Amino acid sequence: FFFFVFAAVPVVPGKLWVGPLAVIVAAAVLVLFAWHVRRRFGGVTGDVLGAACELTTTVILVVCALVD
């Protein structure tokens, strides 16, 4: 997890804190999403994994766009 946070530092030039912030927010959203899916469906399927990828990508892009 820490690797992804540190790797996200140069994402937004001039604002080195935006990339790690986006990764932390996306990880928190992903944990909530996984909890909800396990509670609702009883497990994780391939469709859920695909949705998780799309969700985290969208959250990272939105956080970077809103902060910039």
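Thr 56 touches Ala 26 and Leu 30, leaving out residues up to four places away in sequence. The model in which these contacts are found is a predicted one. Thr 56 belongs to helix H3, and at a relative accessibility of 19% it counts as buried, because the cut-off for burial is under 20%.

Helix H3 comprises residues 46-67.

Which residues of H3 are buried? They are Val 48, Ala 52, Thr 56, Val 59, Val 63 and Cys 64. Viewed down the axis of H3, these buried residues fall within an arc of 135 degrees, and therefore they line one face of the helix. The general rule behind such a pattern is that an α-helix has 3.6 residues a turn, so residues three or four places apart point the same way. On the other side of H3, the exposed residues are Gly 46, Asp 47, Glu 54, Leu 61 and Ala 65.

The cover over the buried residues of H3 includes helix H2, residues 18-41. Two packed helices are described by the angle between their axes and the distance between the axes. For H2 and H3 the angle is about 145 degrees, and the axes are 9 Å apart. The crossing in which H2 passes H3 is right-handed. Residues of H2 that take part in this contact include Val 18, Leu 21, Phe 33, Val 37 and Phe 41, while those of H3 include Val 48, Ala 51, Leu 55, Ile 60 and Val 67.

Ala 52, in helix H3, counts as buried because its relative accessibility is 12%. Beyond its neighbours within four places in sequence, Ala 52 is in contact with Leu 30 and Phe 33. Ala 52 and Phe 33 are 19 residues apart in sequence, and their C-alpha atoms lie 7.6 Å apart in space. Val 59, with residues up to four places away in sequence again left out, touches Val 25, Ala 26 and Val 29.

Val 59 is also part of the largest nonpolar core, whose seven residues are Val 12, Val 18, Ala 22, Ala 26, Val 59, Val 63 and Cys 64. H2 and H3 are the elements that give two or more residues to this core.

Notes. Residues are numbered from 1 along each chain as its sequence is written. This is a predicted model: local features need pLDDT of at least 70, side-chain atom pairs count only at pLDDT 80 or more; totals for chains, interfaces and linings use all residues. Side-chain values use heavy atoms; hydrogens and water are left out. Helices (H or I, at least four residues) and strands (E, at least two) are DSSP runs, numbered from the N terminus. The expected span of a helix is 1.5 Å times one less than its number of residues. Buried means under 20% relative accessible area, exposed over 50%, partly exposed in between (1.4 Å probe, protein chains only). The arc is that of the directions from the helix axis to the C-beta atoms. Contact means heavy atoms within 4.5 Å. A nonpolar core is a set of buried Ala, Val, Leu, Ile, Met, Phe, Trp, Tyr and Cys residues joined through side-chain atoms within 4.5 Å. Axes are lines fitted to C-alpha atoms, for helices over the stretch in contact, and angles run from 0 to 180 degrees between N-to-C directions. A crossing is left-handed if the near helix is turned anticlockwise from the far one by less than a right angle, and right-handed if clockwise.
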